[in-house]
Amino acid sequence: MTKEAKHVLITGAAGQIGYALCPMVAGGRMLGLDQPIILHLLDIEPAKQALEGVKMELLDAAFPLLKGIITSVDADIACKDVDIAIMVGGFPRKAGMERKDVMTKNVTIYRDQASALGKHASKDVKVLVVANPANTNALILKEYAPGIAPENISCLTRLDHNRALAQVAERLGLHVVEVKNVIIWGNHSSTQYPDVNHGTAGGKPIREVVKDDAWLDGEFLTTVQQRGAAIIKARGLSSALSAASSACDHVRDWVLGTPSDGSWVSMGVVSDGSYGTPAGLVYSFPVTCADGKWKIVQGLAIDERSAEKMKATADELAEERDLAHECIAAANA
Ligand code: NAD
Ligand code: LMR
């Protein structure tokens, strides 16, 4: 029997991640090859013509699963009845900018779009925030959309997770699917902690197989933490195809479940205080997903060095939260 179409909102759809993401979603990469899709594409007035161009190309690609395309520059129209909301719209970081620099521009967008989603989206809408500062935009969205359950609001750290898997796989000459259970703790920023202490490569502990703690505790960490900046330097633009692909991975695993072998993924979710993190912050944890719900993996042993790194990234998130509140107060004044 044909499934009912799912309504998927992509904000910032005329931008570069949007251009990579739309065909992936329409092609079934996010919700499966048996799931019809209606795309809701939102951008802003200056990008209206480009947005229509994206729609024309999506039509021309003749995707069998794509049952409709709604384009709009009005959030109230674009958010109507959406089941999944991928929030990409905003201003990207440019060379030389830190994530905090983009905050002033982006948090007020998330305050306003929270209210459009709260009013018009399906009551069980699942939200993924991609735009930076991703964790803090998601936090603001949670605060300004009280009608959306906090567990339905998340942010993208799956790109960092995938980057960590790929670095270990490259080092060992393995295929990436042979590497499992790395963890990204905390913020999608250079303070994130990519943790390999519980991970495996070819079924054995990563540290045992790599046999180079200096690399794992040094160059590996900084490569993953700085990968976004390295891509910006190389391309003159921030990651787009890998961000789009990881966004599909994030939503697919959330909706359809993580593998039954118990392996986990990293997601930015509202902290319940697990592992001593401040409750309420949007913090990246190892999670497993089933029946459309994520669950933080509990009981992992955390050494002192890891605990320090997990706290440092939580401290940055608390600072970002305070700064975001100041930006919103200033915008309201
Ligand atoms: P981009 O500039 O190419 O596209 C952004 C789009 O958002 C533009 O079309 C712009 O018109 C639109 N936009 C701006 N304000 C909007 C609003 N109020 N409502 C709807 N649309 C709006 O940027 P991009 O490269 O596609 O990146 C998008 C965001 O994703 C950036 O914030 C970037 O830093 C972030 N990013 C996050 C990750 C991650 O892993 N979390 C990875 C890569 C990029
Ligand atoms: C990334 O990780 O590629 C993006 O978040 C871009 C950035 O600003 O670092």
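1. Among the 25 residues around ligand 1, those that come nearest are Gln-16, Asp-43, Gln-113, Val-130 and Asn-132, where a residue counts as near if one of its heavy atoms lies within 4 Å of the molecule. This is a predicted model, in which local features need pLDDT of at least 70 and side-chain atom pairs count only at pLDDT 80 or more, whereas totals for chains, interfaces and linings use all residues. Residues are numbered from 1 along each chain as its sequence is written, chains are lettered from A and ligands numbered from 1 in the order in which they are written, and side-chain values use heavy atoms, with hydrogens and water left out.

2. An N or O atom in the side chain of Asn-132 is 2.8 Å from an oxygen atom of ligand 1, while backbone N or O atoms make the contacts of Gly-15, at 3.3 Å, and of Phe-91, at 3.5 Å. Ligand 1 taken alone exposes 870 Å², of which the protein buries 89%; these accessible areas come from the Shrake-Rupley method with a 1.4 Å probe.

3. The shell around ligand 1 is made up of 13 nonpolar, 10 polar and 2 charged residues, with Asp, Glu, Lys and Arg counted as charged and Gly among the polar ones. At least three residues of this shell come from each of domain 1 (6-155) and domain 2 (158-317), the bounds being those of an automatic or database domain assignment.

4. Two backbone features deserve a careful look. Most residues other than glycine have a negative phi, and most peptide bonds are trans. Asn-132 and Pro-133, however, are joined by a cis peptide bond with omega at about -5 degrees, and Pro-133 is found in the loop between strand S5 (126-129) and helix H5 (134-144). Lys-211, which is not a glycine, has a positive phi of about 55 degrees, and its place is in the loop between helix H7 (206-210) and helix H8 (213-217). Helices (H or I, at least four residues) and strands (E, at least two) are DSSP runs, numbered from the N terminus.

Conventions. Polar contact = N/O pair within 3.5 Å; in protein donor to acceptor, adjacent residues only side chain to side chain.
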